[in-house]
Amino acid sequence: MPHKLTNVLTPVPSDIEIAQAATAIPIDQIASDAGILPEELELYGKTKAKVHLSIRERLKDVRDGKYIVVTAITPTPLGEGKTTTTVGLSQGLGADLGKKVFTCIRQPSQGPTFGIKGGAAGGGYSQIIPMEEFNLHLTGDIHAMTAANNLLAAAIDSRYFHEQQTQDDAVLFDRLCPAGKDGSRRFSPVMLRRLKKLGIDKTNPSELTSQEQSRFARLDIDPDSITWRRVLDTNDRMLRQITIGQGPEEKGLTRVSGFDMAVASELMAILALTTSLGDMRERLGRVVIGSSRAGVPITADDIGVSGALTVLMKDTIMPNLMQTIEGTPAFVHAGPFANIAHGNSSIVADQIALKLVGPDGYVLTEAGFGADMGMEKFFNIKCRVSGLAPNCVVLVATIRALKMHGGGPKVVAGKPLAHAYTQEDLALLEKGCSNLVRMIGNAGTFGIPVVVAINRFKDDTNAEIDLVRRIAIAAGAEDAVMTNHWAQGGAGAVNLAKAVVAACEKPSNFHFLYPLEMSIKDKIETIVREMYGGSGVEYSPEAEKRIELYTRQGFDKLPICMAKTHLSLSHDPNLKGAPSGFIVPVRDIRASVGAGFLYPLLGTMSTMPGLSTRPGYYDVDLETATGRVIGLS
């Protein structure tokens, strides 16, 4: 059962010291208390487990609990404590108010863990534990997804190589469908999918005409169209652009490619948006890796590898069960980027959690970055797939970030904050609240009540907090509450928890920002106008070509997942506050057909971060005598 903290220290120790001082409840007890049956649990040691999707079927007649999405204002590069607030609110609801509650958050990549950010398990007395396992391998989902992604990359290049070396279509067909010892041939299940796509209703390879054999066997991949890249879960700047195929056995078939972070893979977005194992199999098959020289999209089904991808990822679909430092249950599942992807944890985790807490309980799910990005994508992409409608939006704000939006000095990771952020300045703060007002409006656009969480830092004054509260309520928030969960745990979020409970009882009128039937351009321009405050969109010639191509290929009815900076409401990270009248440039548009969205690029998105001169791994080590990890943050 959830338990209040009794050993809160001042000053607050480091995150890892707090986490390691906590006594974790055995995960099978956490599961039992949450209503999960032993046969629905796959243990990974004593403190983490996976749960079966069969829970949804068992509890299908149970009404869902209240559904709360946690988002934020436009952050500084330091982040504003959104995960910490999510965890603290969970502890306040569960350990202090006695509510049934579940926290659903993303699994972090090892890149930031060993790079500049450190851990992502929350912070202070509002954390997911064990934080070492949360921040590192967990149950291996990212590794399994990496293996699948790279198998697809290898399959693409292998198919291209063999087609180039085999100019006779009949020979190529014979190699794809070799005769057995008895002379018979057969199609594998994934090959039957390709035949169906081609409109060929034959199932015996020997019955295909020579023309049908050619259509089936020759993908004719255009190497310049290949968008699929290899991935790994390490920040490695030297792999951003590479030349592959330089070995003598590759017959000179070189091309320029590169590596992305593992969590930037479309397969991670698929994991987050899938609703069942069958749905995941179909999504993996629909992944488009490029096109033929005739402009026909080529999928993982066409390559013949989609079934193998599903096998590699079959266990990743089960959410990972962990706990907060005060014993409330948490699902840590999936980790898609919040710029080129939608930046939300999995649909299946939310669905299971909503059934487990029941109609009197609460499920908190976190959306990446600010309310112009993760929240907008949560509503227009995730909720559209899941069919779920939230009851409340929690909008996290900090005095520090609001002062930055008011024109405060630049905030740089690793450098001391300027005096403007550590001294009271109501005029600067009031000016910066324009960003908060815009974000409250963004949430309200979807018809959902909004509660502002003012995440308190040590230098914030009561006058500053009161000013933010007044402005937030005047802008339409149901309430605005100061929280101190980092220093106090759930006790520091009790007032926020009460405000959320009250907001969930308010009427809501949830609706999407746009219908899918809108054209690609109309959807993009609606987001720019309604979410960002921009006045128009400018498309590059390349973007215009993509729009024409995707419309012709039938992908124009997919939702839009804007890829832009998280440091501004606009496309320009230097435009702070609530800018207006700007023109958003769309330089290109890409398709994640398996995941089910198009993503316009509003700038240069880094999908493979680099390491600084002094990365976080300098601090990470192991006490060999005890096996204790040190140095994570």
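Contact here means heavy atoms within 4.5 Å. By this criterion, in the predicted model, Pro-515 touches Arg-384 and Lys-523, when residues up to four places away in sequence are not counted. Pro-515 is placed in the loop between helix H21 (494–504) and helix H22 (520–532). Its relative accessibility is 40%, and Pro-515 therefore counts as partly exposed. The C-alpha atom of Pro-515 is separated by 33 Å from that of Met-608, and these two residues are 93 places apart along the chain.

When neighbours within four places in sequence are left aside, the residues in contact with Ala-472 are Leu-436, Ile-440, Val-452, Ala-477 and Ala-480. One of these, Leu-436, is 36 residues from Ala-472 in sequence, while the C-alpha to C-alpha distance between Ala-472 and Leu-436 is 7.2 Å.

The packing of helices was considered next. Two packed helices are described by the angle between their axes and by the distance between the axes. Helix H7 (residues 141–165) and helix H14 (residues 306–313) have axes that come within 8 Å and cross at roughly 165°. Angles over 145 degrees count as roughly antiparallel, so H7 and H14 are roughly antiparallel to each other. Their crossing is right-handed. On the H7 side, the contact is made by Ala-144, Met-145, Ala-147, Ala-148, Leu-151 and Leu-152. On the H14 side, Ala-308, Leu-309, Leu-312 and Met-313 take part. Sorted by class, the contact of H7 with H14 has ten nonpolar residues, no polar residues and no charged residues.

A second pair is formed by H11 and H12, which pack at an angle of about 150° with their axes 10 Å apart. H11 and H12 are therefore also roughly antiparallel to each other. H11 passes H12 in a right-handed crossing. In this contact, Leu-267, Ile-270 and Leu-273 of H11 meet Asp-279, Met-280, Arg-283 and Leu-284 of H12. By class, the contact of H11 with H12 has five nonpolar, no polar and two charged residues.

Helix H12 (residues 277–286) has as its buried residues Asp-279, Met-280, Arg-281, Arg-283, Leu-284 and Gly-285. These buried residues pack against several elements, among them helix H11 (266–273) and H14. The elements packed against the buried residues of H12 also include helix H9 (189–198), strand S12 (297–299), helix H13 (300–303) and helix H16 (374–386).

Finally, the structure was searched for disulfides. A disulfide is a covalent bond between the sulfur atoms of two cysteines. Cys-392 is in no disulfide, and the nearest cysteine sulfur, that of Cys-504, is 4.8 Å away. A disulfide requires the two sulfur atoms to be within 2.5 Å. The sulfur of Cys-504 has its closest cysteine sulfur in Cys-392, and because the distance is 4.8 Å, the two are too far apart for a bond. Cys-392 has a relative accessibility of 0% and so counts as buried. Cys-504 is buried as well, with a relative accessible area of 5%.

How values were computed:
Residues numbered from 1 in each chain as written. Predicted model: local features only at pLDDT ≥ 70, side-chain atom pairs only at ≥ 80, totals over all residues. Heavy atoms only, no water. Buried < 20%, exposed > 50% of the residue type's maximum accessible area, 1.4 Å probe, protein only. Axes fitted to C-alpha atoms, helices over the stretch in contact; angles between N-to-C directions. Helix = DSSP H or I, 4+ residues; strand = E, 2+ residues; numbered from the N terminus. Parallel < 35°, antiparallel > 145°, perpendicular 65-115°, else oblique. Left-handed = near helix turned anticlockwise from the far one by under 90°. Nonpolar A, V, L, I, M, F, W, Y, C, P; charged D, E, K, R; others polar.
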